[in-house]
Amino acid sequence: MRPLTEEETRVMFEKIAKYIGENLQLLVDRPDGTYCFRLHNDRVYYVSEKILKLAANISGDKLVSLGTCFGKFTKTHKFRLHITALDYLAPYAKYKVWIKPGAEQSFLYGNHVLKSGLGRITENTCQYQGVVVYSMADVPL
């Protein structure tokens with residue numbers, strides 16, 4: 001478990017900024033404590049500093065996971081977000097898309113969403129913009 005290098009931090013923050021924009025600062029400086037990002041086995045974990053201090057007693061080869069996995073770095077050093085980061089990204093998302101119940105199941109199985117399946121969309125959403133997909137009951141998908 002080690003801190004991210006400057007290059008890794010830049011690549012990860014650029015990816016997260018596509019979804020939440022300038023709200024990135026709210027992930028690190030939270031009212032319930034300070035959180036940080038740590039790298040372990042090419043995976044980036046989001047963990048509070050209290051838990052990080054407690055985990056310092058465990059050796060790196062015995063440690064499986066710590067905190068919430070935000071994503072991983074590929075072999076080509078690109079960053080891929082994981083679905084486990086959705087609970088932390090959804091409240092701060094700049095652009096949101098709501099899907100009708102009929103198209104929800106199809107989306108969860110990996111299919112594209114047709115225009116008829118859209119319930120509503122945030123205003124001024126650009127093409128190819130990173131969005132968070134919600135059900136009509138405001139559950140992030």
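Predicted model: local features only at pLDDT ≥ 70, side-chain atom pairs only at ≥ 80, totals over all residues.
Mentor: Residues are numbered from 1 along each chain as its sequence is written, and side-chain values use heavy atoms, with hydrogens and water left out.

Trainee: What makes the span of helix 1 agree with expectation?

Mentor: Helices are DSSP runs of H or I with at least four residues, strands are runs of E with at least two, and both are numbered from the N terminus. The expected span is 1.5 Å times one less than the number of residues. The 15 residues of helix 1 (residues 6-20) should therefore span 21 Å, and its end C-alpha atoms are 20 Å apart, which agrees.

Trainee: Why is Glu-8 called buried?

Mentor: Buried means under 20% relative accessible area, exposed over 50%, and partly exposed in between, with a 1.4 Å probe and protein chains only. Glu-8 has a relative accessible area of 17%, so this residue is buried. The side chain of Glu-8 also makes a polar contact with that of Arg-2, at 2.9 Å; the term denotes a pair of N or O atoms within 3.5 Å, where, within protein, one must be able to donate a hydrogen and the other to accept it, and residues adjacent in sequence count only if both atoms are side-chain atoms.

Trainee: How do you know that the pair Phe-37 and Tyr-46 is tilted?

Mentor: The structure holds 9 aromatic pairs. Rings of Phe, Tyr and Trp (its six-membered ring) pair if their centres lie within 6.5 Å; planes under 30 degrees apart count as stacked, over 60 as edge-to-face and the rest as tilted. The centres of Phe-37 and Tyr-46 are 5.2 Å apart and their planes stand at 40 degrees, so the pair is tilted. Both residues are buried.

Trainee: Why is the pair Trp-98 and Tyr-134 called stacked?

Mentor: Their ring centres are 5.7 Å apart and their planes lie at 25 degrees, so this pair is stacked. Trp-98 belongs to strand 7 (residues 96-99) and Tyr-134 to strand 9 (residues 132-135), so the pair ties together parts that are 36 residues apart in sequence. Trp-98 counts as buried because its relative accessibility is 12%, and Tyr-134 counts as buried at 7%.

Trainee: What lies over the face of Trp-98?

Mentor: Arg-120 does, at 4.1 Å from the ring centre; a charge sits over a ring if NZ of Lys or CZ of Arg is within 6 Å of the ring centre and within 35 degrees of the ring normal.
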